[in-house]
Amino acid sequence: MYERLADSIVKHLDFERISVILEAGCGRGQLTMPFVRKVHKIKENFKVIALDFSSGPYEGDLDILKEKMRREKLDKVVVAVKGDVKNMKTIEDESVDLIISNELFCELDKKGLERAIKEFYRILKPSGQMAHGELSPIPENEAQRLVIEANAYSLETSQPKPE
Ligand SMILES: C[S@@+](CC[C@H](N)C(=O)[O-])C[C@H]1O[C@@H](n2cnc3c(N)ncnc32)[C@H](O)[C@@H]1O
């Protein structure tokens, strides 16, 4: 899934003038790794700020990402930052060319989402681009259908439970 998502981002965006990328809610780097590898194939000089809360159920994930990047010798390209997308005070106005995320928006409530989007527009350059992924509720095969159905019964879901 992450390989396909990274492919899709690289295919649909214009990377010519991109040098600073923010991956918001990067987690342990499942998307970061394939994305960076694919961008590397089309350009040399770029940096990725991999920002995450890394707390609660995701505690320690940023350390896993850091270790992965060090092992893959990508730690000069990817800078891991612990922070909140709702208040990214360490990132200057209009300093980022591209913002990507995957399964971040579903973690935020309405107010949080509005604050995050406001922050994205603050840090994004006027010519900047964004790409945000969320899970689709439409399965592509039987295995995905079963996962979606099982998730509907999860205690964590905010959706009404099926009868
Ligand atoms: C479902 S995980 C997705 C992780 C990764 N993007 C992926 O696709 O595998 C959601 C991530 O968003 C992060 N997150 C949630 N709220 C956040 C916030 N307010 N600021 C920064 N990161 C946040 C969590 O810590 C977690 O790593």
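Biologist: Taking a pocket as an open set of points on a 1 Å grid over the protein atoms alone, where a 1.4 Å probe fits and protein lies on both sides within 12 Å along at least five of seven lines, how much space lies in the largest pocket?

Modeller: The largest pocket holds about 1900 Å³ of space, where a volume is the space filled by probe spheres set on the points, and grid points are joined across faces, edges and corners. This is a predicted model, in which local features need pLDDT of at least 70 and side-chain atom pairs count only at pLDDT 80 or more, while totals for chains, interfaces and linings use all residues. Residues are numbered from 1 along each chain as its sequence is written, and side-chain values use heavy atoms, with hydrogens and water left out.

Biologist: Which residues lie nearest the centre of that pocket?

Modeller: Glu103, Cys106, Glu107, Glu134 and Leu135 lie nearest the centre, out of 46 residues that line the largest pocket, a lining residue being one with an atom within 4 Å of a point. The elements that give two or more residues to this lining are helix 1 (2–12), strand 2 (47–52) and helix 5 (142–152). Helix 5 provides the largest share, with 5 residues. Helices (H or I, at least four residues) and strands (E, at least two) are DSSP runs numbered from the N terminus.

Biologist: And what is the lining like by class?

Modeller: The lining has 20 nonpolar, 14 polar and 12 charged residues. In that scheme Ala, Val, Leu, Ile, Met, Phe, Trp, Tyr, Cys and Pro count as nonpolar, Asp, Glu, Lys and Arg as charged, and the others, Gly among them, as polar.

Biologist: Changing topic, how many salt bridges are there?

Modeller: The count comes to 13 salt bridges, each being a side-chain nitrogen of Lys or Arg within 4 Å of a carboxyl oxygen of Asp or Glu. One of them joins the side chains of Glu140 and Arg4, at 3.1 Å from N to O. Glu140 lies in the loop between strand 5 (124–133) and helix 5, and Arg4 in helix 1, so this pair ties together parts that are 136 residues apart in sequence.

Biologist: Are Glu140 and Arg4 buried or exposed?

Modeller: Glu140 counts as exposed at 55% relative accessibility, and Arg4 counts as exposed at 53%. Buried means under 20% relative accessible area, exposed over 50%, and partly exposed in between, with a 1.4 Å probe and protein chains only.

Biologist: What does Arg28 form a salt bridge with?

Modeller: Its partner is Asp61, with the closest N and O atoms 3.1 Å apart. Because Arg28 lies in the loop between strand 1 (20–24) and helix 2, and Asp61 in helix 3 (residues 61–71), the pair ties together parts that are 33 residues apart in sequence. Arg28 is partly exposed, at 35% relative accessibility, whereas Asp61 is buried, at 7%.

Biologist: And what about Glu72?

Modeller: Glu72 forms a salt bridge with Arg37, and the closest N and O atoms there are 2.9 Å apart. Glu72 sits in the loop between helix 3 and strand 3 (78–82) and Arg37 in helix 2, so parts that are 35 residues apart in sequence are tied together by this pair. Both count as partly exposed, Glu72 at 37% relative accessibility and Arg37 at 41%. Separately, salt bridges that share partners join Glu3, Asp7 and Lys38 into one network.

Biologist: Lys43 is buried, so to speak, without a partner; which side chain of opposite charge is nearest?

Modeller: That is Asp97, 7.5 Å away, and Lys43 has no salt bridge, with Lys and Arg counted as positive, Asp and Glu as negative, and His and the chain ends not counted. Lys43 is placed in the loop between helix 2 (32–42) and strand 2. A polar atom of the Lys43 side chain lies 3.3 Å from the backbone oxygen of Glu16.

Biologist: Last one, which residue other than glycine has phi near 55°?

Modeller: Lys73 has that positive phi. Lys73 is in the loop between helix 3 and strand 3, and counts as exposed at 70% relative accessibility. Glu94 also has a positive phi, near 45°, and lies in the loop between strand 3 and strand 4 (96–102).

Key:
A polar contact is a pair of N or O atoms within 3.5 Å; within protein, one must be able to donate a hydrogen and the other to accept it, and residues adjacent in sequence count only if both atoms are side-chain atoms.
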